[in-house]
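Please examine the sequence and the three-dimensional structure displayed below. The briefing that follows it is arranged by topic.

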Amino acid sequence: KGDGVTVAVLDTGIASGHPDLAGKLLPGYNFVNTERGPNPEDTDSGNYHGTHVAGIIGAATDNKVGVAGSGWNAKILPVRVISANGGTTADIIDGLRWAAGLSVSGAPTNPKPADVINLSLGGSGKCSDSPALQTAINDALGKGAIITVAAGNSNVDANTFTPASCSGVITVGATGRDGNRASYSNFGPRVDLMAPGGDAANGILSTINNNGYGLLAGTSQAAPHVAGVIALMKAIKSGLTSGEALSLLKS
């Protein structure tokens, strides 16, 4: 059920008081450049994206409240790297390194390095144009982390998006309710897996602010479904590698 596994959510932070995330959150960190410090609270004035992603991974299950996370008993590590105004690659790199237990200048050591790291974020451009990001991914993989990322929502080849096109990550596209590729989902050979992302008529229900629940659709919702399932796998085989996880899921 995911016991003993930590999943880092690199996103807009997490609304820490949500009852469906009670007891699930570890002390995280805020790497948004103008806000740096030990408070990764989700203050997004829009859709509370990070909180929504976190619920898909780890909302408490069988508690008769709200929704159920795919990761059951996994712990969630909130790492705020983007705000309502967006984020920088440098902040994402620092958050990724910290989540994996690597040193980051000016930040305390993360006492609970993540087994799985989810990045439901990105934008256009090839990963080869961001060598520092690829280096951070390589370093995190070297620490044993498995990294899931959103393929992107522009209905184009995922190889033209970052971090979707980076090496070593598990790139996740989105399906609609009918099980087919959602119309917005990026596609192509760089997409490793598809998972539920919803569509305009049928979004994914998950946690948001004010102890509430909301519907969102996107590859941002697909990737955490995979992250939660990998948490279940890691609970059975702690030494599971990213390559093994992907091979098993594909099979």
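Predicted model: local features only at pLDDT ≥ 70, side-chain atom pairs only at ≥ 80, totals over all residues.

Residues are numbered from 1 along each chain as its sequence is written, and side-chain values use heavy atoms, with hydrogens and water left out. Helices (H or I, at least four residues) and strands (E, at least two) are DSSP runs, numbered from the N terminus.

**Pockets**

- A pocket is an open set of points on a 1 Å grid over the protein atoms alone, where a 1.4 Å probe fits, with protein on both sides within 12 Å along at least five of seven lines; lining residues have an atom within 4 Å of a point.
- The largest pocket holds about 290 Å³ of space, where a volume is the space filled by probe spheres set on the grid points, which are joined across faces, edges and corners.
- Its lining comprises 23 residues, and those nearest the centre are I82, S120, L121, G122 and S220.
- Strand β7 (161–162) and helix α4 (219–236) each supply at least two residues of this lining.
- The lining of the largest pocket divides into 9 nonpolar, 13 polar and 1 charged residues; Ala, Val, Leu, Ile, Met, Phe, Trp, Tyr, Cys and Pro count as nonpolar, Asp, Glu, Lys and Arg as charged, and the others, Gly among them, as polar.
- The second largest pocket has a volume of about 180 Å³.
- Of the 14 residues lining the second largest pocket, T89, G122, G123, L133 and T162 are the closest to its centre.
- Helix α2 (89–99) and strand β5 (123–124) each give at least two residues to the lining of the second largest pocket, which divides into 4 nonpolar, 9 polar and 1 charged.

**Helix α3**

- The 12 residues of α3 (residues 131–142) should span 16 Å at 1.5 Å a residue, and the end C-alpha atoms are 16 Å apart, which agrees; the expected span is 1.5 Å times one less than the number of residues.
- Buried residues (under 20% relative accessible area; exposed is over 50%, partly exposed in between, with a 1.4 Å probe and protein chains only) in α3 are L133, Q134, A136, I137 and A140.
- Seen down the axis of α3, these buried residues fall within an arc of 160 degrees, so they line one face of the helix; the arc is that of the directions from the helix axis to the C-beta atoms.
- An α-helix has 3.6 residues a turn, so residues three or four places apart point the same way.
- On the other side of α3, P131 and G142 are exposed.
- The cover over the buried residues of α3 includes α2, β4 (116–119), β6 (146–150) and β7.

**Helix α1**

- In α1 (residues 49–58), 10 of the 10 residues are buried, so this helix is largely enclosed by the rest of the structure.
- The buried residues of α1 pack against β1 (6–11), β3 (75–80), β4, β10 (204–207), β11 (213–216) and α4.

- S220 lies in helix α4 and is buried, with a relative accessible area of 10%.
- Leaving aside neighbours within four places in sequence, S220 is in contact (heavy atoms within 4.5 Å) with H49, V53, S120 and A150.
- T148 lies in strand β6 and counts as buried at 0% relative accessibility.
- Not counting residues up to four places away in sequence, T148 touches several residues, including I117, L119, I170 and A223.
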